Amino acid sequence: MAKKHGLGIDIGGSGIKGAPVDLKEGEFATERQRIPTPEESTPEAVAEVVAEIVEHFEDEIGKKQPVGITVPAVVHHGTVRTAANIDQSWIGTDADALFTERVGRQVHVVNDADAAGVAEMHYGAGRGNDGVVLLTTLGTGIGTALFMNGELLPNTELGHLELDGHDAETRAASSARENEDLSWEDWADRLQRYYSHVEDLLWPDLIIVGGGISKKADKYLPLLHTRAPIVPAQLKNDAGIIGAAWQAQHLAEGRGVGPVQRLRASPLVWTPVRQRGPTHPELQAFLTTHHHVVTTREAAALGFNREVLRRLVQRKVLTRVARGAYVQTSVLLGHRHLADRTSCAPAPCSAGTGTGGGEPHEATLLWDLPLLDDGPRRPRSRGRPAVPHRGRRAGRPRASTSLVSLLGEALS
């Protein structure tokens, strides 16, 4: 069987470029295709071009391979939130859903600088570097990607820092050098001011300079004096496409992408419990079929906004475990409730509640998972007295480190 590659697509102001990516080597598997960006670059018009590129490379990527797409904007859980250098109609567009529906396969949209940073961290100048790594792309504006121990902090937008009363990118981007016909030395002075300011804020261990101008790094990087090493990007203009393909593949596989995917992709078995569920049947059904985990975006798709989620948290129906991620509290804590107040999910209720014979389901306890820091502990039955534990008050619930460990591993 022919090897199938990832596909990355970079949406730019003048052109939309795409190429299959060898994710093992971090390079294009075939020559890229470029199509001019439509004059009216609305999301729908761009989606047609993206579909054309996907169809062009279908033999190389297969029919089910996910697609990664970059846009020059803040992308928050698949939705575009800003439009500094693209058509204003993009703001508020669920780009993930738009492209997924149009091309008929899973699509993940990411900020263009973040995608370039991911590529450099895995295949280029940032590979093997721990600590704080900052990538900047110098072009029409200044894009930034920030990493801590290899983990991306998305949408940092440090090109829009205020510097000497100006938006930093209007003074220090590559376009400013061209528009104002600056010499390399004069432009380097502006870059020096920018990088010094960023260093004072973040104290990075490494700075990577990307964008098309990185091909001429020898003209200006030697003129800069930074505390951290500052180096040119190795993947040049290919980084965005490569990073988008990598990100899409790993999101599809549920690897290295945060606690929600880790929770659902983990081998943990959630025991059926008597639970106090949400009064909304649609949300309860979703929780039952998605390992009792829901994200803000998924709840919104069901018609429940952040205010509804906030009220459910106040009522102890949901517990917020990470930014934009909630777990059903009854499953998390192992609560048991009478059958006349709610029902067992997913299995039917049983003895002791007037709903059938047999033994009642045992509640899921956090140490059942089992990821405790201070040693294993068998779940005790409802009637068994608590065994005092040295170093803590008898009967006090042991602090859960199971979920914390899982989330910590995902975020560390």
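A residue counts as buried when its relative accessible area is under 20%. Thr93, with a relative accessible area of 15%, is therefore buried. The model described here is predicted. The protein contains 14 helices and 20 strands, and buried residues make up 50% of its 412 residues.

**Overall**

- The protein exposes about 20600 Å², and carbon and sulfur atoms supply 50% of that area.
- Of the contacts between residues at least 6 apart in sequence, 62% join residues at least 24 apart.

- Strand E2 spans residues 15-22, and eight of its eight residues are buried.
- Both faces of E2 are covered. One side carries Gly15, Lys17, Ala19 and Val21, and the other carries Ile16, Gly18, Pro20 and Asp22.
- Strands of a sheet pair through backbone hydrogen bonds, in either a parallel or an antiparallel sense.
- Strand E1 (residues 6-11) runs antiparallel to E2 and is joined to it by six bridges. In this pair, Gly6 has Val21 of E2 as its bridge partner.
- E1 and E2 form a hairpin, with three residues between the two strands.
- Strand E3 (residues 27-28) also runs antiparallel to E2, with two bridges joining them. Here Val21 stands opposite Phe28 of E3.
- E2 and E3 form a hairpin with four residues between them. Gly26, in the turn, has a positive phi of about 70°.
- Strand E4 (residues 33-36) pairs with E2 in the antiparallel sense over four bridges. The bridge partner of Gly15 in E4 is Pro36.

**A five-stranded sheet**

- Five strands form an open sheet in the order E11-E10-E9-E14-E15, with mixed pairing.
- Strand E11 (151-153) and strand E15 (230-232) stand at the edges. Each has a single partner strand, so one side of each is left without a neighbour in the sheet.
- From one strand to the next, the twist averages 25°.
- Strand E10 (residues 142-148) and E11 run antiparallel and are joined by three bridges. Met148 has Glu151 of E11 as its bridge partner.
- Helix H4 packs on this sheet. The strands touched by H4 are E9 (132-138), E10, E11 and E14 (206-210), and the direction of H4 makes about 45° with that of E10.

**Helix H4 against helix H8**

- Two packed helices are described by the angle between their axes and the distance between the axes.
- H4 (residues 112-123) and H8 (residues 239-253) pack at an angle of about 80°, with their axes 7 Å apart. Angles of 65 to 115 degrees count as roughly perpendicular, so H4 is roughly perpendicular to H8.
- On the H4 side, the contact is made by Ala115, Ala116, Val118, Ala119, Glu120, His122 and Tyr123.
- On the H8 side, the contact is made by Ala239, Gly240, Ile242, Gly243, Ala244, Trp246 and Gln247.
- The residues of this contact divide into nine nonpolar, four polar and one charged.

**Gly117**

- Gly117 lies in helix H4 and is buried, with a relative accessible area of 1%.
- Leaving aside neighbours within four places in sequence, Gly117 is in contact with Leu135, Ala145 and Phe147.
- Gly117 and Leu134 are 17 residues apart in sequence, and their C-alpha atoms are 8.2 Å apart.

**Thr93**

- Thr93 is in the loop between strand E7 (79-80) and helix H3 (95-103).
- Apart from neighbours within four places in sequence, Thr93 is in contact with Pro43, Gly78, Thr79, Val80 and Leu98.

**Leu302**

- Leu302 is in the loop between helix H11 (296-301) and helix H12 (306-314).
- At 31% relative accessibility, Leu302 counts as partly exposed.
- Not counting residues up to four places away in sequence, Leu302 touches Glu282, Leu283 and Phe286.
- The C-alpha atoms of Leu302 and Phe286 are separated by 8.9 Å, and the two residues are 16 residues apart along the chain.

Terms used
Residues numbered from 1 in each chain as written. Predicted model: local features only at pLDDT ≥ 70, side-chain atom pairs only at ≥ 80, totals over all residues. Heavy atoms only, no water. Axes fitted to C-alpha atoms, helices over the stretch in contact; angles between N-to-C directions. Parallel < 35°, antiparallel > 145°, perpendicular 65-115°, else oblique. Contact = heavy atoms within 4.5 Å. Nonpolar A, V, L, I, M, F, W, Y, C, P; charged D, E, K, R; others polar. Buried < 20%, exposed > 50% of the residue type's maximum accessible area, 1.4 Å probe, protein only. Areas by Shrake-Rupley, 256 points an atom, 1.4 Å probe, with all protein chains shown as cover. Pairing = 2+ DSSP bridges.
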